[in-house]
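These notebook entries record what I looked up, one topic at a time.

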Amino acid sequence: MTQRAPSRLDGARQRAAAAKRALAIGSAAAFVLVALWAHGSHPGVAAVQNGGDGSAVVDDDGAGDDFGFGTGSLSPSTGVSPDTGTHVS
Amino acid sequence: MSREAHFAAMGVDVTVGGATDAELASVKALFADWEQAFSRFRADSELTRINRSGRVAELSPLFAEVLARALAVARATDGLVDPTLGKALEAAGYDRDFAALAVEDPRSADEAAPGRWRELDLVGRMLFRPAGVRLDLNGVVKALAADEALALLTGRGFVAAGGDVAVRGGAVVTLPDGGAVRVESGGIATSGSGKRRWRRAGRVQHHLIDPATGRPSESRWLEVTVAAGSCLASDAAAKVAFLLDGDGPAWLEARGLPGRLASTGGAIVETSRWREALAA
């Protein structure tokens, strides 16, 4: 059985396929690098503190986003029929 | 309240009082959207997509906003309400809709998965998380949906999602033991281990995970009811008081929250704000 010698067209196809693979790998790597750079340079993340036990404590993005519990406004029900109920669901 | 409507969403019954037809339609659409985004049991939910993604995931604006709120709640509760307990719930056997869960699960318990909310980084709509961390936002989603749905109503009304109630303008709310209170505004919610319970490998399991251990809490409380400035705040406070076990009443007292705690043995503890409010 004789094997056909690669034509110039086959060579061009192989080079094009290799270039596509390299482009895809490069794009993925660039995306990851940009994402990690954006992540690392964000002020909420860049402020890494040292925990008391030596572990790293990293503030997340919403460190300044306070959550308040407020106060409940309860009073006795006055014998009217209930509107709804609270219970374990 | 003159007008009430009921529908099912997020695995619970939702009751809406005081809504116009158009407002009710908006409320139903909100719950449908949120269920689609945050369900742990839908293969096509955004939560499922994110949990299956790698360390970096791009979130929808809604998901990013709700996760930011969940992280704020985690900070305010020292991590007792933790959005990273998805793996712990699965380890306990809660890996499908509760209605489909076997009451007796013969499988052995998986490795415990303590909470890791401090390791999440939310930067805008980009979420960075370590491998193996799975989100579960049920600790905040239902109550927050009730708050957001109430905001769609123009007048006085309420939205109750499976016992988590958001109120504007006054509503009479029955309590787990059969009593009733009037809530003027904000929210009231009850957390407990009495309902969603099952057994795995011979051990009782429930959905209130202690983030420190990654296992269902062994709290002395059966259920805790708290009223606060919003439905989300009341639900979070009720969970915290439950998980803190014997320290739960003091935690509520320190924040001036009206709360009522019922122990598994039948004892009732009420905070001073609860007693004062109901004696008025």
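Predicted model: local features only at pLDDT ≥ 70, side-chain atom pairs only at ≥ 80, totals over all residues.

I noted one pair of partners, Gly85(A) with Thr174(B) in β8(B).

Entry 2, the contact between the chains. I find 32 residues from chain A and 59 residues from chain B in the contact. On the side of chain A that touches chain B, at least two residues each come from α1 (8-41), β2 (56-58), β3 (74-76) and β4 (84-85). I sorted the residues of that side of chain A into 12 nonpolar, 15 polar and five charged.

I checked the length of α1 (residues 21-38) of chain B: at 1.5 Å a residue, its 18 residues should span 26 Å, and the end C-alpha atoms are 26 Å apart, which agrees. I then asked which residues of α1(B) are buried. They are Val27(B), Phe31(B), Trp34(B), Ala37(B) and Phe38(B). Because they cover an arc of only 130° around the axis, I place them on the same side of α1(B). The face turned away from that buried side carries the exposed residues Asp21(B), Ala22(B), Ala25(B) and Ala29(B). I recorded the elements of chain B against which the buried residues of α1(B) pack, among them β1 (4-9), α3 (61-76) and α5 (138-150).

For its 13 residues I expect a span of 18 Å at 1.5 Å a residue; the end C-alpha atoms of α5(B) are 19 Å apart, which agrees. I find 13 of the 13 residues of α5(B) buried, so this helix is largely enclosed by the rest of the structure.

Technical notes
Residues numbered from 1 in each chain as written. Chains lettered and ligands numbered in written order. Helix = DSSP H or I, 4+ residues; strand = E, 2+ residues; numbered from the N terminus. Expected span 1.5 Å × (residues − 1). Buried ≥ 20, exposed ≤ 12 C-beta atoms within 10 Å, placed from the backbone. Arc of directions from axis to C-beta. Contact = placed C-beta atoms within 7 Å. Nonpolar A, V, L, I, M, F, W, Y, C, P; charged D, E, K, R; others polar. Pairing = 2+ DSSP bridges.
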